[in-house]
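Biologist: Could we take a close look at one part of this model together? I am new to this, so please walk me through it step by step.

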Amino acid sequence: MADPQDDVPVELFARLAADPLAAHLGITLVAVRPGYARATMAVGPVQLNSLGMAHGGATMALLDVVHAAVSNSHGTVAVAQEVHTEFLAAGRPGDLLEAEGVEVHRSSRTAVYRIEARAQDDRLIATALARVFRTDRPWSEVPA
């Protein structure tokens, strides 16, 4: 685990964690530091599809929350351009899914991130490769 001093400022973490859809789905942002983010989601009745497994939309939302956090972890606003997701296994009722995102490449205008969601037994549930457009706008200038 990285040194806590490497974490993003508390104010930025709070802004990234304040996601109404994430709250609705029970997604909790756990850690954010420059180039890294992690979040969890317990698979319960709200996250299930009609087949009784984790809904792809809920799983994708978990990946997207991590994507948003990791891509904004440098303190400037970044917006998604593309996310390619592969669903590899079904999340099951009672699973605790954990998604981690890491920066693969970052330039002044774009960045690419790899995000993986795993169950508590280390099953790889889904993976994503995601790209953002990086703006010059600091998060400190975004109205709360």
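Modeller: Happy to! Keep in mind that this is a predicted model. Now step back to the two strands themselves. Strand 4 covers residues 96-106, and strand 5 covers residues 110-118. They pair in the antiparallel sense, over eight bridges. Three residues lie between strand 4 and strand 5, and the two strands form a hairpin.

Strand 4 has another partner to look at. Strand 2, made of residues 36-42, runs antiparallel to strand 4 and is joined to it by seven bridges.

Met41 and Leu97 are both in contact with Thr59, a residue of helix 3, which spans residues 56-71. Leaving aside neighbours within four places in sequence, Thr59 also touches Ala54, Phe87, Ile125 and Ala126. Is Thr59 buried or exposed? Its relative accessible area is 3%, and because buried means under 20%, Thr59 counts as buried.

Finally, a word on rings. Arg33 lies over the face of Tyr36, 3.9 Å from the ring centre. As for aromatic pairs, the count comes to zero.

Conventions: Residues are numbered from 1 along each chain as its sequence is written. This is a predicted model: local features need pLDDT of at least 70, side-chain atom pairs count only at pLDDT 80 or more; totals for chains, interfaces and linings use all residues. Side-chain values use heavy atoms; hydrogens and water are left out. Two strands pair if DSSP finds at least two bridges between them. Helices (H or I, at least four residues) and strands (E, at least two) are DSSP runs, numbered from the N terminus. Rings of Phe, Tyr and Trp (its six-membered ring) pair if their centres lie within 6.5 Å; planes under 30 degrees apart count as stacked, over 60 as edge-to-face and the rest as tilted. A charge sits over a ring if NZ of Lys or CZ of Arg is within 6 Å of the ring centre and within 35 degrees of the ring normal. Buried means under 20% relative accessible area, exposed over 50%, partly exposed in between (1.4 Å probe, protein chains only). Contact means heavy atoms within 4.5 Å.
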